[in-house]
Amino acid sequence: MSVSCSECFSDLLCGEDSDTVLSNGGGGEDSPECSSSDIESQFADFDESIAGLIEDERYFVPGFDYFERFQSQSLISVAREDSVAWILKVQRHYGLQPLTAYLAVNYLDRFLYSRSFPQTDGWPLQLLSVACLSLAAKMEEPLVPSLLDLQVEGAKYIFEPKTIQRMEFLVLRILDWRLRSITPFCFLSFFAYKLDPVGTFTGFLISRATEIILSNIQEASFLEYWPSCIAAATILCAANDLPNFSLVNAEHAESWCDGLRKEKIVGCYELVQKYAIALRPRRFPKVLPRVRVMTRASTVLTSESSSSSSSSATSYKKRKLNNNWWNTDDDRASSC
């Protein structure tokens, strides 16, 4: 016997309003229409919600003196970079969401800030990394690898599931069970809309900003900036890769929402630009000589193959000619 949706939720609805709530809004006389004032009020609610996230994000990041510890103790910085690099490798290995990797690093940093930990890069930090990634995956992923399967991509130590679970409970206790963190990903869609209300380049802006965020979480320097600031700076960096937004600067970003500070956005943006040079987008790739060379080579080979049977010497000449084209193309590419 099948049970309909209305029967499942009938106990959760007031009797006099159940029909209205479960109706499909098929354009009846009593169906409310969405006016322009309603849309404006919705956007005002979005602004207020984002401002609330900016106000509360301080509770989900390490203290400002956390970065100073890395400046005074370089060994911790190297150990953290190795742990974050391993988390990113596992994220790529299983195709986990970018937010999962970011949350794992967030848990790692908040734990290290709240509790003294060995400064070496031995098994304790590896165990902490596995536990943080496991918790983040349980928060965001529909399918979570087992604790044994999670320890891949060059893990230096392999821990039993019971050991990892005990570490997970320790992390939960230290973080006061506050795993639903505020991250830069909470702001990307909103900031992209503020920059591009039409939505033409919104997908590119979010994708490019996400790529920049993940590529920079290994750098301890970004620990000086809060998630909203990182989101604004990365959206600006993504926007500057498009000719349509080449003139956008931090002053524009400061007006996107209450709570954003121009000087912080400028500092974070300059840091992003420093590390994002190697991640230039390929949105508008140039037509390289190699593309034309491959076309010419395929044309020559096709025309010659359609003719009468060739000798082995002729085949050698074709291979040699084709190799010469590739070598010439590599020389041109290396000189660019």
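Tutor: Buried means under 20% relative accessible area, exposed over 50%, and partly exposed in between, with a 1.4 Å probe and protein chains only. The model is predicted: local features need pLDDT of at least 70, side-chain atom pairs count only at pLDDT 80 or more, and totals for chains, interfaces and linings use all residues. Residues are numbered from 1 along each chain as its sequence is written, and side-chain values use heavy atoms, without hydrogens and water.

Student: Which residues of α10 are buried?

Tutor: Helices are DSSP runs of H or I, at least four residues, numbered from the N terminus. In α10 the buried residues are T202, F204, L205, R208, A209, T210, I212, I213, L214 and N216.

Student: How far apart are the end C-alpha atoms of helix α10?

Tutor: The expected span is 1.5 Å times one less than the number of residues. Helix α10 (residues 202-216) has 15 residues, so it should span 21 Å. The model agrees: the end C-alpha atoms are separated by 21 Å.

Student: How many of the 18 residues of α7 are buried?

Tutor: Helix α7 covers residues 123-140. It is largely enclosed by the rest of the structure, because the buried residues number 15 of the 18.

Student: With which side chain does the side chain of E140 make a polar contact?

Tutor: E140 is in helix α7 and is buried, at 16% relative accessible area. A polar contact pairs N or O atoms within 3.5 Å; within protein, one must be able to donate a hydrogen and the other to accept it, and residues adjacent in sequence count only if both atoms are side-chain atoms. At 2.6 Å, the partner is the side chain of R180.

Technical notes: Helix = DSSP H or I, 4+ residues; strand = E, 2+ residues; numbered from the N terminus.
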